[in-house]
Amino acid sequence: MKTLGLLGGMSWESTAIYYRLLNEIVRERLGGLHSARLLLWSFDFAEIAERQHHGDWDGAGMLLVEAARKLEAGGAEGLLLCTNTMHKLADQVQASVSIPLIHIADATAMAVKRAGMQRPALLATRFTMEQDFYKGRLAEKYGLSPVVPDAAGRDMVHRVIYEELCQGIVTEISKAAYIAETERLRREEAVDSVIMGCTEITMLIGQQDFDIPVFDTTRIHAEAAVEFALG
């Protein structure tokens with residue numbers, strides 16, 4: 001089993017889910033007392049979020065690169081960025097190390113393609129919904145047509161992530177708002193599925209809330225990582 005290096009803490013709420021999923025999936029595959037071989041670098045998310053919201057992606061990238069190199073030096077054989085948004089810097093991180101980075105958007109896109117879906121709603125941080133590093137990868141590399149909410153919807157989805165989910169707050173009001181926004185996208189934009197494009201969203205909604213396919217990027221990423229580790 002290869003050792004996975006996790007760039008986590010962005011936020012720790014979803015990193016804790018990654019830790020549980022990686023170990024559960026390894027146990028399911030290997031049985032008994034088996035668990036995942038993991039190294040975790042957990043950021044103080046306030047330092048990352050401040051750079052995100054001030055547009056200091058170079059500064060954020062320097063932090064990620066430093067941590068990735070430390071994980072590689074510590075024995076990691078593959079890297080996971082435990083966040084969708086920070087995949088904006090995935091190429092920079094990959095270029096700084098000699099071990100492979102398992103890209104969350106690639107794993108997600110392949111899951112969407114396998115399910116026969118084409119036009120997923122993308123719910124995520126404002127950075128992921130508005131910038132092209134994620135949507136563009138889904139479109140250009142995989143031929144998908146992701147759809148994001150309108151300005152008001154993007155504001156709502158983003159606010160819930162940072163002001164609630166990243167702080168461990170889960171409310172029925174926000175869950176209803178996410179469901180309503182997805183239903184609006186179905187009516188008005190003909191989306192055929194939902195990508196939970198922020199690793200915290202799995203705390204709020206899931207497949208049980210919809211009758212169209214829902215793609216949980218946290219689980220999909222963890223499954224891809226275990227495939228790599230055991231392959």
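1. The buried part of helix α5. In this predicted model, helix α5 holds a set of buried residues: Ile-104, Ala-105, Asp-106, Ala-107, Thr-108, Ala-109, Ala-111 and Val-112. The helix covers residues 104-114, and eight of its 11 residues are buried, so α5 is largely enclosed by the rest of the structure.

2. Overall composition and dimensions. The chain contains 10 helices and six strands. The C-alpha trace spans about 50 × 40 × 35 Å along its principal axes. A compact globule of 231 residues would have a radius of gyration near 17 Å, and the chain agrees with this, because its own value is 17 Å.

3. Burial, surface and contacts of the chain. Of the 231 residues, 55% are buried. The chain exposes about 9,900 Å², and carbon and sulfur atoms supply 50% of that area. When contacts between residues at least 6 apart in sequence are considered, 74% of them join residues at least 24 apart.

4. The pairing of helices α2 and α3. Helix α2 (residues 45-53) packs with helix α3 (residues 57-73) at an angle of about 150°, and the two axes are 8 Å apart. Since angles over 145 degrees count as roughly antiparallel, α2 is therefore roughly antiparallel to α3. On the α2 side the contact is made by Ile-48, Arg-51 and Gln-52, and on the α3 side by Trp-57, Gly-59, Ala-60 and Leu-63. Sorted by class, this contact has four nonpolar residues, two polar residues and one charged residue.

5. Gly-5 in strand β1. Gly-5 belongs to strand β1, which is formed by residues 4-8. Its relative accessibility is 0%, so Gly-5 counts as buried. Leaving aside residues up to four places away in sequence, Gly-5 touches Leu-39, Leu-71, Ala-76, Gly-78, Leu-79 and Leu-80. For one of these, Gly-78, the C-alpha atom is separated from that of Gly-5 by 6.0 Å, although the two residues are 73 residues apart along the chain.

6. Ser-174 in helix α9. Ser-174 is part of helix α9, residues 172-189. Is this residue buried or exposed? With 4% relative accessibility, Ser-174 counts as buried. Residues up to four places away in sequence are again not counted, and the partners touched by Ser-174 are then Val-160, Glu-164 and Leu-204.

7. Met-203 in a loop. Met-203 is found in the loop between β5 and β6. At 21% relative accessibility, Met-203 counts as partly exposed, because the class of buried residues requires a value under 20%. Apart from residues up to four places away in sequence, Met-203 touches Glu-13, Ile-17, Leu-165, Gly-168 and Val-170. Met-203 and Ser-14 are 189 residues apart in sequence, while their C-alpha atoms are 8.2 Å apart in space.

8. Two points of backbone geometry. Most peptide bonds are trans, and most residues other than glycine have a negative phi. Where does the chain have a cis peptide bond? A bond of this kind joins Met-10 and Ser-11, with omega about 0°. Ser-11 lies in the loop between β1 and α1. Ala-190, a residue other than glycine, has a positive phi near 55°. The location of Ala-190 is the loop between α9 and β5.

Technical notes: Residues are numbered from 1 along each chain as its sequence is written. This is a predicted model: local features need pLDDT of at least 70, side-chain atom pairs count only at pLDDT 80 or more; totals for chains, interfaces and linings use all residues. Side-chain values use heavy atoms; hydrogens and water are left out. Axes are lines fitted to C-alpha atoms, for helices over the stretch in contact, and angles run from 0 to 180 degrees between N-to-C directions. Helices (H or I, at least four residues) and strands (E, at least two) are DSSP runs, numbered from the N terminus. Angles under 35 degrees count as roughly parallel, over 145 as roughly antiparallel, 65 to 115 as roughly perpendicular and the rest as oblique. Contact means heavy atoms within 4.5 Å. Ala, Val, Leu, Ile, Met, Phe, Trp, Tyr, Cys and Pro count as nonpolar, Asp, Glu, Lys and Arg as charged, and the others, Gly among them, as polar. The radius of gyration is taken over C-alpha atoms; the globule rule is 2.2 Å times the number of residues to the power 0.38. Buried means under 20% relative accessible area, exposed over 50%, partly exposed in between (1.4 Å probe, protein chains only). Accessible areas come from the Shrake-Rupley method with a 1.4 Å probe; for residues, only the protein chains shown count as cover.
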